[in-house]
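Let's walk through this structure together, one piece at a time. Please keep the sequence and the 3D view open as you read.

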Amino acid sequence: MRALTLDDVPALTAILSDPAVMSYSLRGVCDEAATRDFIAWCRDCYATHGLGPWALIDKRDASLIGFCGVAPEAVGVIEQMSLGYRLATRYWNKGLAAEAATAVLAHAFGVQDVASIVAIIEPSHHASLRVAEKVGFARFEMMTFHGRPVRLYRLDRVEWTESRSALRNHADMPITHP
């Protein structure tokens, strides 16, 4: 992961203009101008919050494959830190979204000291629900967000820390065979 730059506009536009990738996005597909605006907003998030959507880079060839990050989102009248991610379709179903989200959450909770993070997901977006639940989001409430029914998941720093400790403790348990 790394910060998005304006050099990423062509590659990110190719991803964000794909109707499959953007089928659950409030923005819908993005053209080059919208992608440029999105990257400018990301860069502003980095400057003001130390967080934002980060570029996801393929380790094999350094190509941009999507983004993942935590950024401010107005939920009702309250600004909350929200997890978001998008991947090019050829990278779906490989565990990359969960891997990236885990790293982003570790940074947000451990380095940036964020108290709580939400994930806003439409109930019919099964892949995104699986990612959120895999990285630790468990409790949610149903609400309407921009006219759409969504699950508003919430994960706080204490829950995150406890879930990570439980996973580490479980991984350290010896395996015995009968």
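β2 and β3 form a hairpin with 6 residues between the two strands. In the turn, Ala62 takes a positive phi of about 65 degrees, although Ala62 is not a glycine. Most residues other than glycine have a negative phi. Ala62 counts as exposed, at 56% relative accessibility; here exposed means over 50% relative accessible area, buried means under 20%, and partly exposed lies in between, computed with a 1.4 Å probe on protein chains only.

A word on what you are looking at: this is a predicted model, in which local features need pLDDT of at least 70 and side-chain atom pairs count only at pLDDT 80 or more, while totals for chains, interfaces and linings use all residues. Residues are numbered from 1 along each chain as its sequence is written, and side-chain values use heavy atoms, with hydrogens and water left out. Helices (H or I, at least four residues) and strands (E, at least two) are DSSP runs, numbered from the N terminus.

Strand β2 covers residues 53–57 and strand β3 covers residues 64–75, and they pair in the antiparallel sense over 5 bridges; two strands count as paired if DSSP finds at least two bridges between them. To follow the pairing by eye, find Leu56, whose bridge partner in β3 is Gly66, and then Pro53, whose bridge partner in β3 is Gly69.

On its way onward, β3 pairs with β4, again in the antiparallel sense, over 10 bridges. Pro72 stands opposite Met81 in β4. The hairpin of β3 and β4 has 2 residues between the strands, and Gly76 takes a positive phi near 65 degrees there. Because 10 of its 12 residues are buried, β3 is largely enclosed by the rest of the structure. Leaving out residues up to four places away in sequence, Val75 touches Gln80, Ile120, Met143, Phe145 and Leu152, where contact means heavy atoms within 4.5 Å.

Now step back to the whole sheet. It is an open sheet of 7 strands in the order β1-β2-β3-β4-β5-β7-β6, with mixed pairing. β1 (2–3) and β6 stand at the edges with a single partner strand each, so one side of each has no neighbour in the sheet. Strands of a sheet pair through backbone hydrogen bonds, either parallel or antiparallel.

What joins strand β6 to strand β7? There are 6 bridges between β6 (residues 140–145) and β7 (residues 148–156), and these strands run antiparallel. Met142, for example, has Arg151 as its bridge partner in β7. The hairpin of β6 and β7 has 2 residues between the strands, and His146 takes a positive phi near 50 degrees.

Strand β5 holds Ile117, which counts as buried at 0% relative accessibility. Setting aside residues up to four places away in sequence, Ile117 touches several residues, including Val70, Met81, Leu105, Phe137 and Tyr153. Ile117 and Asp156 are 39 residues apart in sequence, yet 6.2 Å apart in space, C-alpha to C-alpha. In the loop between α3 (96–111) and β5 you will find Asp113, whose phi is near 60 degrees, a positive value in a residue other than glycine.

The helices come next. α2 lies across β1, β2, β3 and β4 (78–87), running at about 65 degrees to β3. Helix α4 (residues 126–134) lies across β4, β5 (116–121) and β7, at about 15 degrees to β7. Axes here are lines fitted to C-alpha atoms, for helices over the stretch in contact, and angles run from 0 to 180 degrees between N-to-C directions.

How do the helices α1 and α2 cross? The axes of α1 (residues 9–16) and α2 (residues 32–49) come within 9 Å and cross at roughly 115 degrees. That makes α1 roughly perpendicular to α2, a term for angles from 65 to 115 degrees. The contact is made by Val9, Leu12, Thr13 and Leu16 of α1 together with Glu32, Thr35, Arg36, Phe38 and Ile39 of α2.

Finally, visit Ser25 in the loop between α1 and α2. Ser25 is buried, with a relative accessible area of 5%, and touches Arg86 and Arg148, not counting residues up to four places away in sequence.

Conventions: Parallel < 35°, antiparallel > 145°, perpendicular 65-115°, else oblique.
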